[in-house]
Amino acid sequence: MTDFTLKDLAETIAVRARSDDEKSYTRKLIGKGISKCAQKLGEEAVEAAIAAVERDHDGLRSEAADVLYHLLVVLEASGVTLDEVMAELEGRTGRTGLEEKASRAG
Ligand SMILES: N=c1c2ncn([C@@H]3O[C@H](COP(=O)(O)OP(=O)(O)OP(=O)(O)O)[C@@H](O)[C@H]3O)c2ncn1[C@@H]1O[C@H](COP(=O)(O)O)[C@@H](O)[C@H]1O
């Protein structure tokens, strides 16, 4: 189990978005505007869906990673934080995150 989290990736994306590193793909993509970022997210989501239908395990793993990266780029470009999204998901469980963890731990 990797220790790398979406929070880690979101933080890297936030730093790159504000950097002047011309080699940064994130910086270049965000610089092109929200429409381009959203277009990339949509393309990667369709590619992930196709890989799932084709039962392409390795393809789906790779496309799912692209979807998560591009979703975080769209969130960054839109000023929506990963914390907000997690709170939205937590609200849907009807419990707090701590209660949810305690319940899974038995
Ligand atoms: N997870 C990713 C990640 N996933 C995909 N990609 C890039 O997304 C691009 C998608 O490829 P495509 O062929 O669809 O796009 P393209 O033809 O290159 O370009 P456009 O369509 O955007 O014009 C590739 O260039 C990948 O490098 C990513 N780029 C960066 N990250 C992460 O973001 C961090 C910061 O990256 P930089 O911003 O490049 O420093 C990295 O350390 C990684 O952790």
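Read along the sequence, the protein follows the pattern α-α-α-α-α-α. The model is a predicted one, and it holds six helices and zero strands.

**Overall form**

- The C-alpha trace of the protein spans about 50 × 35 × 25 Å along its principal axes.
- The protein has 106 residues, of which 16% count as buried.

**Surroundings of the ligand**

- The residues around the ligand are L9, T12, R16, S24, Y25, T26, R27, L29, K40, D66 and Y69.
- Two or more residues of this shell are given by each of the elements α1 (6-17), α2 (25-31) and α4 (57-78).
- With four residues, α2 provides the largest share of the shell around the ligand.
- By type, the shell divides into four nonpolar, three polar and four charged residues.

**The largest nonpolar core**

- Ten residues form the largest nonpolar core: A10, I13, L29, I30, C37, L41, Y69, L72, V73 and A77.
- The elements α1, α2, α3 (34-53) and α4 each give two or more residues to this core.
- The helix that gives the most to this core is α4, with four residues.
- I13, one of the core residues, touches T26, L72, V73 and E76 when residues up to four places away in sequence are not counted.

**Helix α4**

- The 22 residues of α4 should span 32 Å at 1.5 Å a residue, and its end C-alpha atoms are 31 Å apart, which agrees with that expectation.
- Within α4, the buried residues are E63, V67, Y69, H70, L72, V73, E76 and A77.
- The cover over these buried residues includes α1, α2, α3 and α5 (82-93).
- Just after α4, G79 takes a positive phi of about 75 degrees.

**Residue E11**

- E11 has its place in helix α1.
- Is E11 buried, exposed or partly exposed? E11 counts as partly exposed because it has 13 C-beta neighbours inside 10 Å, whereas a buried residue needs 20 or more and an exposed one has 12 or fewer.
- E11 and L72 stand 61 residues apart in sequence, and their C-alpha atoms are 9.6 Å apart in space.

How values were computed: Residues are numbered from 1 along each chain as its sequence is written. This is a predicted model: local features need pLDDT of at least 70, side-chain atom pairs count only at pLDDT 80 or more; totals for chains, interfaces and linings use all residues. A residue is near a molecule or strand if its C-beta atom, placed from the backbone, lies within 6 Å of it. Ala, Val, Leu, Ile, Met, Phe, Trp, Tyr, Cys and Pro count as nonpolar, Asp, Glu, Lys and Arg as charged, and the others, Gly among them, as polar. A nonpolar core is a set of buried Ala, Val, Leu, Ile, Met, Phe, Trp, Tyr and Cys residues joined through C-beta atoms within 7 Å. Two residues are in contact if their C-beta atoms, placed from the backbone, lie within 7 Å. The expected span of a helix is 1.5 Å times one less than its number of residues.
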